[in-house]
Amino acid sequence: MIGPCLSGIAKSDVSGVDVVVVDNGDRTPDNDAWYREFDLDLSVVWWTEPFNYSAVNNRGAALAGGDVLVFLNDDTEILDP
C-alpha cells in the first residue's frame, strides 16, 4: 500500500524531504530492492519487535532529522505536487 505514497512524495515540489519508513513486514532481498526503486532520500527500518503503533512511530520520529515531522499512513496518496 505504501507505493503510491512514496511515489507521490518523490514527485512533489517540496525539496529537502527525507523519508523514514518503519516497516513491520518481512525483510527480504526483494523488499529491500523495492524500496531502492524510489528516487527519495529514504531510510527503511525493519521493525522486528511485536507490533506497537506508538513504539513504531516513536522509532521513526527518533530517526527523522528535519525541521518538520509529518506522519503519513501507508495509504496516503499525494494528488498535487
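**Close-up views of a predicted model**

**View 1. The lining of the largest pocket, by residue class.** The lining comprises 24 nonpolar, nine polar and five charged residues; nonpolar denotes Ala, Val, Leu, Ile, Met, Phe, Trp, Tyr, Cys and Pro, charged denotes Asp, Glu, Lys and Arg, and polar denotes the others, Gly among them. The model is predicted: local features need pLDDT of at least 70 and side-chain atom pairs pLDDT 80 or more, whereas totals for chains, interfaces and linings use all residues. Residues are numbered from 1 along each chain as its sequence is written, and side-chain values use heavy atoms, without hydrogens and water.

View 2. Helices (H or I, at least four residues) and strands (E, at least two) are DSSP runs numbered from the N terminus. In soluble globular proteins, nonpolar side chains tend to be buried together.

**View 3. Surroundings of I2.** Leaving aside residues up to four places away in sequence, I2 touches V21, W34, Y35 and D74, contact meaning heavy atoms within 4.5 Å.

**View 4. The loop residue S12.** S12 lies in the loop between α1 (2-11) and β1 (18-23). S12 is buried, because its relative accessible area is 16%.

Conventions: Buried means under 20% relative accessible area, exposed over 50%, partly exposed in between (1.4 Å probe, protein chains only).
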